[in-house]
Every structure is written in structure tokens, then in C-alpha cells.
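User: Hello! I am new to this structure and would like to walk through it with a few questions. Could you show it to me?

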Amino acid sequence: MKDKIQKFGGAMFTPVMLLSFSGIILAITIIFQNPIIMGPIAEEGTVWFKIWDIVSAGMWTVFNNLELLFAIALPIGLAKKSLARISMESFVVYMSFNYFVGAILENFGGFFGVDFSVEPETGSGLKLIGGIKTLDTGIIGAIVIALMVVYLHDHFFDKKIPDWLAMFNGSSLVVFLGMMAAIVVALIFCFIWPVFQRGMGNIQTFFVGSGGFGIWCYSLLERLLLPTGLHHLLTQPFSYGPVVVNEGITTYWLDHLVEFSQSAKPLAELFPGAAFKLYGHNKIFAAPGVAAALYFTAKPENKKKTGALVIPAAIAAVVGGITEPLEFTFLFVSPPLYAVYAVLCASLSTAQYAIGIRGDFTSGLITWLAKNWIPLWHNHYNEYIKQIIVGLIFTLIFFVVFYFLIVKFDIKTPGRQLVGNTKLYTKKDYKQKKNEEKIEKDGKENEFQIKAQAFLEGIRWQRKYRKCNKLRDPFTYFCC
């Protein structure tokens with residue numbers, strides 16, 4: 001079960017890769033269309049504005065069709081065969097699902113408590129998906145249908161049916177079964193989703209109202225789940241689902257970036273829900289502190305090699321948001337050290353929340369500049385200066401804590417090992433280590449089972465021998 005959940009978490013990352021690229025380019029177009037930054041050339045109606053408006057329209061493609069993206073891409077990471085076919089199957093079944101939902105609500109909307117006559121706008125609970133007016137199920141509906149199609153595809157794609165029905169082999173059979181099942185799923189969604197949507201307001205109030213404790217718990221889980229690959233299951237409903245805002249935090253932030261840049265109100269007042277996108281502060285501020293601790297705790301003869309490893313790793317984390325080489329290194333050599341790291345990361349995010357920082361801070365410096373600092377600096381530079389100061393304080397805290405723990409407990413981080421090469425470890429190394437530990441544990445358990453079986457066999461034969469003696473010589477048996 002754990003392996004299946006991990007595989008699902010990895011598959012969820014497939015469509016997210018497109019979102020990162022599109023988000024950065026879209027943020028750049030928003031910067032170029034902002035008169036506060038670019039001057040009169042960026043006023044609405046100018047040639048410059050129109051050119052970037054064209055680019056912006058294309059970049060919104062991924063965000064405006066997020067449900068279709070998940071329905072098509074998610075099965076690629078989950079199916080066991082014919083990946084190209086399953087993408088087509090999933091798309092067709094998902095579109096059928098939305099047609100079914102739309103038709104049900106058009107005819108019986110009052111029964112389900114849905115006013116289907118309203119325009120499909122934000123807050124209405126309805127949405128146009130691929131031109132179909134339907135319930136706004138977000139990525140949840142797409143994920144449910146995609147998982148259903150994966151199951152049908154793996155079980156029925158190669159199913160042999162009578163020759164006279166040969167035209168319905170393969171994808172035709174999967175789509176047929178999927179459409180029949182989609183009717184039932186559509187009916188279920190019509191019952192439960194309106195209730196779910198009404199509950200979203202209460203959930204939003206809870207998370208926003210939970211304050212720093214909620215942010216700390218959320219950020220802590222995000223880091224602790226990283227080694228398993230399940231952190232996407234935690235963060236994506238917030239980023240791209242309706243947990244905080246209907247269209248997801250990422251889309252909402254980009255859609256209102258110009259509005260936020262022109263307002264002098266604090267970011268915490270403009271969009272409090274963006275607090276759930278602060279967990280990337282470890283990439284900018286934690287990584288340099290950890291890298292410095294690894295370098296200064298290395299043995300003198302290994303400092304040069306260690307520096308050649310940790311400095312590029314720290315730069316990759318700060319600029320590109322890639323922290324895995326550092327994180328999986330101390331996760332590999334000392335899981336308790338990783339637990340301390342996760343607690344510090346959660347505390348860093350909570351501290352930034354406490355001083356009023358809000359925004360899309362989930363990746364490296366490139367994303368920070370494009371989505372936050374450049375477009376918003378004019379009216380929010382005071383907040384960002386405080387952000388940098390608090391971040392640098394935590395960089396020092398990370399360094400001191402890691403330096404102390406590594407030296408105090410003689411943790412064999414790169415440059416301190418007695419044998420072997422000085423190297424950083426990857427997720428693959430970590431998984432291999434866990435597999436080796438499991439094999440070793442299973443081996444010990446098997447050895448114990450063999451000894452226990454031999455012991456039980458000995459008792460059984462002893463009883464059998466005594467029984468034979470009893471039959472032959474009762475006097476001898478009782479004497480024994």
C-alpha cells in the first residue's frame with residue numbers, strides 16, 4: 001500500500017512540472033505590463049502592453065485547464081501499459097463525466113440544491129471545463145476519474161472478448177466501461193459536492209483562523225513527508241484546489257498580482273490565505289546555513305572536497321529551489337537530524353507568517369523575484385526587508401544548531417566519515433539504504449523462524465518418541 005501511495009504522489013508531480021514553468025513566465029509578463037515598474041510604455045492600450053497581453057494569454061493555458069491537465073497526465077504515471085492510449089481514454093471519460101454532471105443539474109438542479117441557471121463564475125460553484133458548464137470539482141474530480149480509468153485500463157485493456165465484438169477491444173472497451181461508471185460517479189458528485197463546497201468556507205475560516213500553529217503544522221508535515229514523496233498530496237489541494245480559494249492559491253495569486261502591486265495595504269490583509277505558500281523559505285535561508293555547517297564540521301583534510309560539494313548544492317537550492325542533495329544527505333546519515341531540520345523549517349515559515357509575509361514562496365530565488373519581489377517591491381518593500389532580516393537570522397540558527405549537533409553526536413556527515421568517499425546522497429541512495437535495511441531485517445527474521453521451526457520439530461519428535469516408549473515399556477516411560 002505504501003508503494004502505491006508513493007507512486008501516486010510521484011504521478012501527481014507530472015502535471016505540476018508544467019505549472020512551475022508557466023507560472024514564472026506568466027509572472028514576468030505581469031511585471032512587463034505593470035506601469036509602476038515599466039513606466040508609461042506599459043500603460044494599457046500601448047503596443048508594448050498588447051504584445052505581452054498575447055504572451056500572457058498563452059501562459060494562462062495551463063492554469064485555465066488545470067482539470068484537463070490532471071485528467072490527461074496523472075494516468076501516465078500510474079498505468080502499467082499503453083500510456084498513450086490511457087491519456088486518450090482518461091480525457092474522453094472525464095469529459096463525459098462533466099457532460100453527465102451538467103445534464104443532471106440542468107434537469108434536477110433544484111433537487112441537489114444547485115442553481116444551475118447562474119453564470120459559471122468564481123464563487124458560484126459552477127465552472128466551464130472544456131466548454132462544458134458543470135460543477136467546479138477542481139482537480140479532485142479529475143483525479144477521481146483518472147484513478148477509475150487507470151483501474152479499468154489495467155484490467156480490461158487486454159481483455160479478450162468474442163470475435164464478433166472485436167471492434168470493441170482495447171481502448172473502446174475501457175472507454176465504454178468508463179462512461180458507464182462515470183454516470184454513477186457524476187450522480188454521486190451531484191449529491192456530495194455541493195455540500196462539500198459549502199463546507200469549504202468553514203475549512204477556509206479554520207485554516208486562516210488557526211494562525212501560526214496551523215502554518216507550523218502544515219510546514220512541518222510538508223518537510224516530513226518529503227522523503228516518502230507524499231508531500232504533494234498535502235500541498236497541491238492548497239495550491240491548485242479549493243481548500244483556501246476556489247481556483248487555488250497559485251492561480252489566485254497570479255490573477256491578482258497587479259492588484260496587489262498597486263495597493264499599499266499589507267499583504268497579510270490583501271490575501272491571508274497565501275500563508276500556506278511560505279514553506280519554501282528553507283530553500284533560500286536554510287540551505288546556506290546547513291551547507292556552512294557541513295563545511296565547517298568537515299575534517300581539515302576534507303574541507304576542500306566538502307566545499308566543492310556543498311557550495312554548488314547551496315547555490316542550486318537558493319537559485320533553483322532544488323534542496324534534495326542537501327536534505328537527503330543528512331537524512332541518509334542521520335534521520336534524527338532531518339527531524340530537527342523539519343522543525344526548524346516549520347519554525348522559519350511560522351516566523352515569516354508572524355511578521356506578515358504572504359505570497360508564493362515555494363521555490364528558489366528566480367520564482368521569488370518573478371512572483372513576489374519585483375512586481376510588489378514598490379509598495380511592499382518594508383515587508384520584504386523584514387523577511388530578509390528574519391530569514392538571515394534563521395540562516396544563522398540553522399548553522400549553529402547543525403554545527404552543534406554534528407559535533408556533539410559525531411554525526412558522519414560528508415567530510416567526517418572514517419572510510420568511503422566524500423559525497424552528497426540522493427533520494428535513490430536513501431531508498432537503497434532502506435531496502436538494504438529491510439532485507440537485513442527480513443534475513444534476521446527468517447533466521448529466527450528457521451531456529452524456531454527446528455525447535456518445534458525437536459519437541460514434536462521428542463513427544464512422538466516418548467509415546468512409542470510408553471507403548472513398549474510403560475514402566476520405563478513413567479520413570480523417565
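This is a predicted model: local features need pLDDT of at least 70, side-chain atom pairs count only at pLDDT 80 or more; totals for chains, interfaces and linings use all residues.

**Aromatic pairs and helix packing**

User: What kind of pair do the rings of Tyr341 and Phe398 form?
Analyst: The two ring centres are 6.0 Å apart. Planes over 60 degrees apart count as edge-to-face. The planes of Tyr341 and Phe398 stand at 65°, so this pair is edge-to-face.

User: How many residues apart in sequence are the parts that this pair ties together?
Analyst: Tyr341 belongs to helix α17, residues 335-354. Phe398 belongs to helix α18, residues 365-408, so the parts tied together are separated in sequence by 57 residues.

User: Which helix holds Phe402, the other partner in a pair with Tyr341?
Analyst: The rings of Tyr341 and Phe402 have centres 6.3 Å apart and planes at 90°, so they too make an edge-to-face pair. This pair links distant parts of the chain, 61 residues apart, with Tyr341 in α17. Phe402 lies in helix α18.

User: Is Phe402 buried or exposed?
Analyst: A residue counts as buried when its relative accessible area is under 20%. Tyr341 has 3%, so it is buried. Phe402 has a relative accessible area of 0%, so Phe402 is buried.

User: How are α17 and α18 oriented, roughly parallel or roughly antiparallel?
Analyst: The two helices pack with their axes 10 Å apart, at an angle of about 165°. Angles over 145 degrees fall in the class that applies here, which makes α17 and α18 roughly antiparallel.

User: Which residue of the pairs above is among those of α17 that make the contact with α18?
Analyst: On the α18 side, the contact includes Phe394, Phe398 and Phe402. On the α17 side, it includes Leu337, Leu344, Leu348 and also Tyr341.

User: In which hand does α9 pass α17?
Analyst: Helix α9, residues 211-224, packs against α17 at an angle of about 145°, with the axes 8 Å apart. Their contact includes Trp216 and Leu220 of α9 together with Tyr341 and Tyr338 of α17. The crossing of α9 past α17 is right-handed.

User: Which ring does the charged end of Lys303 sit over?
Analyst: There are two lysines to look at here. Lys133 lies over the face of Phe116, at 4.7 Å from the ring centre. The charged end of Lys303 is 5.9 Å from the centre of its ring, which belongs to Tyr295.

User: What is the relative accessible area of Asp410?
Analyst: Asp410 lies in the loop between α18 and α19. Its phi is positive, near 50°, in a residue other than glycine. Most residues other than glycine have a negative phi. Asp410 is partly exposed, with a relative accessible area of 39%.

User: What share of the residues in the protein chain is buried?
Analyst: The secondary structure of the chain comes to 20 helices and 2 strands. Of its contacts with a separation of 6 or more, 74% are between residues 24 or more positions apart. The chain has 480 residues, and the buried share is 46%.

Note on methods. Residues are numbered from 1 along each chain as its sequence is written. Side-chain values use heavy atoms; hydrogens and water are left out. Rings of Phe, Tyr and Trp (its six-membered ring) pair if their centres lie within 6.5 Å; planes under 30 degrees apart count as stacked, over 60 as edge-to-face and the rest as tilted. Helices (H or I, at least four residues) and strands (E, at least two) are DSSP runs, numbered from the N terminus. Buried means under 20% relative accessible area, exposed over 50%, partly exposed in between (1.4 Å probe, protein chains only). A charge sits over a ring if NZ of Lys or CZ of Arg is within 6 Å of the ring centre and within 35 degrees of the ring normal. Axes are lines fitted to C-alpha atoms, for helices over the stretch in contact, and angles run from 0 to 180 degrees between N-to-C directions. Angles under 35 degrees count as roughly parallel, over 145 as roughly antiparallel, 65 to 115 as roughly perpendicular and the rest as oblique. Contact means heavy atoms within 4.5 Å. A crossing is left-handed if the near helix is turned anticlockwise from the far one by less than a right angle, and right-handed if clockwise.
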